[in-house]
Amino acid sequence: MMKHIDLPDTIAIFPLTGALLLPRARLPLHIFEPRYLAMLEDCLKTPSRLIGMIQPRETPNGEQRLAAIGCAGRITSFSETEDGRYMVTLSGISRFRLRAELEGFTPYRRATVDWPPFSRDLGAEEEDAGFDRPAFLALLKRYFATRDLGSDWSGIKAADTELLINSLSMLLPLASEDKQALLEAPSLTTRRETLVTLMEFALRSGGNDEVLQ
């Protein structure tokens, strides 16, 4: 089993608004900007093949700052298109706390990070002892109806609890600050509780995006 001591202190950072990666989940990416193509090529040459996904935040004066916590994923598949773009899949390894950005000559951003606060991420799949699946699915069905979202209900009903909660956290159309709250949830139970709260709020507001944001 991988340990945090095996993870590098410095990783490439990919700031992407609204994109959420969680441990043991998978995130598909479409990479085409030259700086991120360079990032991908460099990361593929490293033993860990890690990319740190993190939310950017705009300050009142227009500067872009990074959230304090992100999640690193290992490049587990990639394919190149005829015009030089890449379709990539990241498999979530562990969350990290941003320590400091590094100055350097790479066109993409790099940072030193701390892993130990999230030692649970490298363990086995999490359980949620208080999960009421029928009630959760009923709420989810109402939420999908208000947003006119399609779904594979047979797959949703059969999914393991962690996969279900984490996949919905990543895929539902939520504001970036809500995605960050789901990322920072200390356990699967608190993530599920946060997700339920966000869906209930959306239903009470009538699915109005302006209210949610």
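The loop between α1 and β3 holds R49, with helices (H or I, at least four residues) and strands (E, at least two) taken as DSSP runs numbered from the N terminus. R49 has a positive phi of about 50° although it is not a glycine. Most residues other than glycine have a negative phi. R49 is also partly exposed, at a relative accessible area of 26%; here buried stands for under 20% relative accessible area, exposed for over 50%, and partly exposed for what lies in between (1.4 Å probe, protein chains only). R24, again not a glycine, has a positive phi of about 70°. R24 sits in the loop between β1 and β2 and is partly exposed, with 30% relative accessibility.

The model is a predicted one, in which local features need pLDDT of at least 70 and side-chain atom pairs count only at pLDDT 80 or more, while totals for chains, interfaces and linings use all residues. Residues are numbered from 1 along each chain as its sequence is written, and side-chain values use heavy atoms, with hydrogens and water left out.

Helix α1 covers residues 34-44, and its buried residues are Y36, L37, M39, L40 and C43. Viewed down the axis of α1, these residues fall within an arc of 155°, so they line one face of the helix; the arc is that of the directions from the helix axis to the C-beta atoms. An α-helix has 3.6 residues a turn, so residues three or four places apart point the same way. The cover over the buried residues of α1 includes the strands β1 (10-15), β2 (26-31), β3 (50-54), β6 (69-80) and β7 (86-101), where contact means heavy atoms within 4.5 Å.

Helix α6 can be described in a similar way. Its 17 residues (188-204) should span 24 Å at 1.5 Å a residue, and the end C-alpha atoms are 24 Å apart, which agrees; the expected span is 1.5 Å times one less than the number of residues. Buried in α6 are L188, R191, R192, L195, V196, L198, M199, A202 and L203. The arc that they cover around the axis is only 165°, which puts them on the same side of α6.

Where do the nonpolar residues gather? A nonpolar core is a set of buried Ala, Val, Leu, Ile, Met, Phe, Trp, Tyr and Cys residues joined through side-chain atoms within 4.5 Å. The largest such core has 49 residues, of which M53 and F136 touch the most other members. Helix α6 gives the most to this core, with 7 residues. Leaving out residues up to four places away in sequence, F136 touches F131, L164, I165, L168, R192, L195, V196 and M199. A second, separate core of 14 residues has I13, I93, A111 and L122 among its members.

Strands β1 and β8 run antiparallel and are joined by 4 bridges, with I13 opposite R109 in β8. Strands β7 and β8 also run antiparallel, again with 4 bridges, and L98 stands opposite V113 in β8.

The count of salt bridges comes to 7, each being a side-chain nitrogen of Lys or Arg within 4 Å of a carboxyl oxygen of Asp or Glu. One of them joins D128 to R192, the closest N and O atoms being 2.7 Å apart. D128 lies in the loop between β8 (109-114) and α2 (133-147) and R192 in helix α6, so the pair ties together parts that are 64 residues apart in sequence. Both D128 and R192 are buried. Another salt bridge links D83 with R85 at a closest N to O distance of 2.8 Å; D83 is exposed at 52% relative accessible area, whereas R85 is partly exposed at 30%. E33 and R35 form a salt bridge as well, with their closest N and O atoms 3.0 Å apart. E33 is partly exposed, with a relative accessible area of 31%, and R35 is partly exposed at 38%.

Q180 lies in α5 (residues 176-184) and is buried, with a relative accessible area of 4%. Which residues does Q180 contact, leaving aside its neighbours within four places in sequence? The contacts are with Q55, R57, A67 and I69.

Technical notes: Pairing = 2+ DSSP bridges.
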